[in-house]
Amino acid sequence: MASRVGKAGPVAYAVLVVVLVASIFPLYYSFLIASKDNSALGDAVPSLVPGGNLFENLGRVFDTVDFWLAMQNSLVVAGTVAVGNVVLGTLAGFAFARLRFRGGNSLFLVVVGTSMVPTQLGVIPLYMLMSDLDWYGTLQAVIVPALIGAFSVFWMRQACEESVPFELVEAARVDGCSVLRTFWHVALPAVRPQAAVMGMFTFMTAWNDFFWPLIVLDPNDSPTVQVALSTLASGYYTDYSLMLSGASLAVLPVVGIFLLLARQIVGGIMQGAVKG
Amino acid sequence: MGWWDTKYTPYLAIAPFFVVFGIFGLYPLLYTAWVSLHDWQLIEGSQGFVGLANFRALFVDPNFWNALGNTVSLFVLSTVPQLVAALGLAALLDRGLRGRAVWRAGVLLPNVISVAAVALVFAQLFGRDFGIVNGVLGVFGVDPVDWRAETWASHLAISSMVVWRWTGYNALIYLAAMQSVPKDMYESALLDGASRWRVFWSITVPSIRPTILFTVIVSTIGGMQLFVEPQLFDPGGTATGTGGADRQFQTLVMYLYEKGFRLFDAGYSSAIAWVLFMLILLVALLNFTLTRRIASKG
């Protein structure tokens with residue numbers, strides 16, 4: 001893999017450094033403003049050295065909205081969605097990869113096809129459905145529709161094809177294991193690494209979601225972190241240190257997970273792209 | 001167990017996906033069509049069947065045309081630079097690089113940040129009085145731009161968020177495709193004395209055509225549904241969702257949101273949803289044909 005289309009020269013590195021700085025700068029800037037007093041924002045080109053008001057600004061975030069509750073709600077939502085996708089996605093992925101059944105291939109094509117359906121456009125009936133179920137303002141309104149998705153099924157099917165040999169499944173069957181026991185004791189342990197990455201990935205996606213929680217949760221009552229952020233932004237005058245303190249807090253868990261798993265997440269995206 | 005188990009358990013295993021998708025994905029989308037044919041209030045429910053009246057009203061609604069224009073403008077401004085930059089970035093990442101993992105993770109980082117947080121940060125960067133973009137422009141003697149008040153300026157600022165967030169992601173997708181191009185194709189071309197630029201256009205781009213097509217379709221669907229970035233770009237206006245005082249950056253999904261969840265006109269809002277759905281199909285189809293034609297000429 002070393003030199004494919006020739007080694008990169010100094011110009012290539014220079015361009016990449018610029019791209020990297022551009023990638024990181026808005027995040028750093030967010031933290032920067034979060035650490036300053038609002039009055040320090042008047043400088044035409046602000047100093048790039050953090051100020052000393054970080055904890056004071058963070059405190060104001062918790063005073064303005066119930067950010068602890070929002071954090072807790074986001075944690076419950078993202079955690080449940082991640083676990084649901086791992087278990088249900090692996091189950092379906094295992095069935096598509098390693099069980100033979102009539103219509104299996106065409107049903108899998110249907111799964112892939114559904115990812116093209118713009119679900120965002122169905123929000124009106126979805127909202128009415130949630131009102132009918134008395135789920136408005138509750139976390140299950142955000143959790144249940146996201147419990148499993150085409151992406152998880154697709155991803156875990158690939159994982160099972162890579163890591164669960166047919167022989168292993170057959171051996172378990174010969175020993176009298178039911179399909180579900182085979183899944184639980186043979187398939188799930190074998191795909192643990194891929195399932196972990198996918199779980200983290202769905203966690204991040206659920207944590208970051210905004211549009212649907214904005215509609216179905218009561219912004220004054222029990223929102224998620226992202227909806228709470230929009231509340232911070234809608235004050236009478238724009239309080240940037242407050243807004244960006246909240247934004248910095250909201251991205252912290254996701255950046256943490258990303259830094260831990262960057263290699264696997266990058267690998268996963270590239271792998272999915274080639275096989276997809 | 002036994003016969004029953006092998007025959008039916010597979011269907012049981014894939015059932016959760018189809019149940020969840022059916023109830024929370026497909027049913028709402030189809031039901032939207034039904035609602036769009038009614039005078040339907042979000043809370044009170046149907047006030048009677050009105051046929052295509054919502055659609056007729058839509059086509060003479062200046063706010064609809066305004067939102068449509070904004071959506072197309074934002075979509076073009078964000079998709080084209082994003083994909084072109086991603087292609088160049090991928091070509092750079094495809095060279096022999098030191099510290100490969102760091103560069104790849106670095107370009108993907110913006111993609112994992114929540115749109116809500118990104119929008120707030122960019123709202124600050126593009127502030128009229130205290131924003132750093134105007135600050136830097138000022139150093140070069142350019143007068144401060146009111147990024148929210150002017151149509152073109154607000155579109156540029158909002159597009160920059162989309163470009164920032166998605167360029168690296170698309171670059172990695174292109175990179176993956178580039179790495180499966182056979183190496184000897186490059187070697188023989190370089191032996192024949194082709195320039196790097198020529199190799200890129202004559203070998204790399206045609207070889208990854210299906211991938212380019214894929215990213216064009218996906219970003220079309222995403223671009224036509226732009227919502228959070230413009231919605232939060234105007235921090236004070238979040239509650240109304242009109243995208244600026246003169247609706248200068250209100251997109252179709254924002255208009256759908258305003259009609260449906262601020263003014264509770266579910267029927268009208270559903271009509272917008274269906275027109276948008278048709279538009280997405282149309283633009284995706286158009287892109288598909290265009291990209292295929294352009295790419296096959298290369």
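**Note on a predicted two-chain model**

1. The side chains of Arg247(B) and Glu258(B) form a salt bridge, with N and O 2.8 Å apart. Arg247(B) sits in the loop between helix H11 (228-233) and helix H12 (252-262) of chain B, and Glu258(B) sits in helix H12, so the pair ties together parts that are 11 residues apart in sequence. Both Arg247(B) and Glu258(B) are buried. Note that this is a predicted model.

2. Over all chains, the count is five salt bridges. Another of them joins Asp129(B) to Arg128(B), at 3.2 Å between the closest N and O atoms. Here Asp129(B) is exposed, at 52% relative accessible area, and Arg128(B) is partly exposed, at 44%. Arg128(B), Asp129(B) and Asp146(B) are linked in a salt-bridge network.

3. In chain A, Glu161(A) and Arg157(A) form a salt bridge at 3.6 Å, N to O. The two are four residues apart in helix H7 (residues 150-163), and therefore about one helical turn separates them. Glu161(A) is partly exposed, with 39% relative accessibility.

4. Between chain A and chain B the count of salt bridges is zero. By class, the side of chain A that touches chain B has 74 nonpolar, 18 polar and five charged residues. The two chains bury about 8500 Å² between them, 79% of it on carbon and sulfur atoms. The contact involves 97 residues of chain A and 96 of chain B.

5. The largest nonpolar core has 193 residues; among those touching the most other members are Leu93(B), Tyr174(B) and Phe233(B). Helix H13 (residues 240-275) of chain A gives the most to this core, 18 residues. Phe233(B) touches residues including Phe122(B), Trp147(B), Met161(B) and Phe249(B).

Definitions and conventions. Residues are numbered from 1 along each chain as its sequence is written. Chains are lettered from A and ligands numbered from 1 in the order in which they are written. This is a predicted model: local features need pLDDT of at least 70, side-chain atom pairs count only at pLDDT 80 or more; totals for chains, interfaces and linings use all residues. Side-chain values use heavy atoms; hydrogens and water are left out. Contact means heavy atoms within 4.5 Å. Buried area is the accessible area (1.4 Å probe) that two parts lose on being put together, summed over both. A salt bridge is a side-chain nitrogen of Lys or Arg within 4 Å of a carboxyl oxygen of Asp or Glu. Ala, Val, Leu, Ile, Met, Phe, Trp, Tyr, Cys and Pro count as nonpolar, Asp, Glu, Lys and Arg as charged, and the others, Gly among them, as polar. A nonpolar core is a set of buried Ala, Val, Leu, Ile, Met, Phe, Trp, Tyr and Cys residues joined through side-chain atoms within 4.5 Å. Buried means under 20% relative accessible area, exposed over 50%, partly exposed in between (1.4 Å probe, protein chains only). Lists of a residue's contacts leave out its neighbours within four places in sequence.
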